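Please prepare a briefing on the structure shown below, grouped by topic, with the cut-offs stated where each term is brought in.

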Amino acid sequence: MAVMFGIFYFLMIRPQVKKQKEHQAMLAKLGKGEEVVTRGGLIGKIVSVESDEVIVLEFQDKAKARLHRSYVDAKWDGLNKKAEASGRKPADASGSESASA
């Protein structure tokens with residue numbers, strides 16, 4: 001029984017705790033000017049930090065929203081960088097991959 005718990009701990013619990021700690025550290029380091037992705041999938045730029053818990057994101061020229069810091073999912077590095085990291089080719093300018101005929 002103890003061996004099963006040990007396996008379960010190292011395969012399931014420990015990686016999740018590590019991921020949570022990394023996410024908390026990323027949230028603590030967020031500052032003005034960084035681009036982030038919210039949990040809802042919105043991409044915005046941090047224009048101000050009102051408190052330890054509230055940030056203001058700008059989505060377009062004048063569209064701003066106040067969010068709790070915990071709603072930030074990740075920093076945004078751009079679509080092409082994520083595609084390159086996964087081994088895929090970035091899409092062409094029209095937004096669709098070209099097929100050879």
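Buried here means under 20% relative accessible area, exposed means over 50%, and partly exposed is in between, with a 1.4 Å probe and protein chains only. The model is a predicted one, in which local features need pLDDT of at least 70 and side-chain atom pairs count only at pLDDT 80 or more, while totals for chains, interfaces and linings use all residues. Residues are numbered from 1 along each chain as its sequence is written, and side-chain values use heavy atoms, with hydrogens and water left out.

**Aromatic pair and surface patch**

- Rings of Phe, Tyr and Trp (its six-membered ring) are paired if their centres lie within 6.5 Å, and the planes count as stacked under 30 degrees, edge-to-face over 60 and tilted for the rest; by this rule there is 1 aromatic pair.
- The pair is edge-to-face because the rings of tyrosine 9 and phenylalanine 10 have centres 5.2 Å apart and planes at 80 degrees.
- Tyrosine 9 counts as partly exposed, since its relative accessibility is 32%, whereas phenylalanine 10, at 53%, counts as exposed.
- Both residues belong to a nonpolar surface patch made up of Val3, Phe5, Ile7, Phe8, Tyr9, Phe10, Leu11 and Met12, which together have about 880 Å² of accessible area.
- Such patches take residues with over 30% relative accessible area and no salt bridge, joining nonpolar side chains (Val, Leu, Ile, Met, Phe, Trp, Tyr) within 5 Å and like charges within 9 Å, and the areas come from the Shrake-Rupley method with a 1.4 Å probe, only the protein chains shown counting as cover for residues.
- Methionine 12, one of the patch residues, is found in helix H1, residues 2-29; helices (H or I, at least four residues) and strands (E, at least two) are DSSP runs numbered from the N terminus.

**Nonpolar core**

- The largest nonpolar core has 8 residues, namely Met26, Leu27, Leu30, Val36, Ile46, Ile55, Leu57 and Val72, and H1 and E3 each supply at least two of its residues.
- A core of this kind is a set of buried Ala, Val, Leu, Ile, Met, Phe, Trp, Tyr and Cys residues joined through side-chain atoms within 4.5 Å.
- Methionine 26 touches Asp73, Ala74 and Lys75, residues up to four places away in sequence not being counted, where contact means heavy atoms within 4.5 Å.

**Strand E1**

- Threonine 38 lies in strand E1, residues 35-38, and counts as buried because its relative accessibility is 7%.
- Apart from neighbours within four places in sequence, threonine 38 is in contact with Leu57, Leu67, Tyr71, Val72 and Asp73.
- Glutamate 35 is also placed in strand E1, but is partly exposed, with a relative accessible area of 38%.
- With neighbours within four places in sequence left aside, glutamate 35 contacts Gly44, Lys45, Lys75 and Trp76.
- The C-alpha atoms of glutamate 35 and alanine 74 are 8.9 Å apart in space, although the two are 39 residues apart in sequence.

**Salt bridges**

- A salt bridge requires a side-chain nitrogen of Lys or Arg within 4 Å of a carboxyl oxygen of Asp or Glu, and by this rule the count is 2.
- In the bridge between lysine 75 and glutamate 34, the closest N and O atoms are 3.0 Å apart; the pair links distant parts of the chain, 41 residues apart, with lysine 75 in strand E5 (residues 72-75) and glutamate 34 in the loop between H1 and E1.
- Glutamate 50 and arginine 66 form a salt bridge whose closest N and O atoms are 2.9 Å apart; this pair links glutamate 50, in the loop between strand E2 (43-49) and strand E3 (54-58), with arginine 66 in strand E4 (residues 64-68), 16 residues apart.
- Lysine 75 is partly exposed at 35% relative accessibility, glutamate 50 is partly exposed at 43%, and arginine 66 is exposed with a relative accessible area of 58%.
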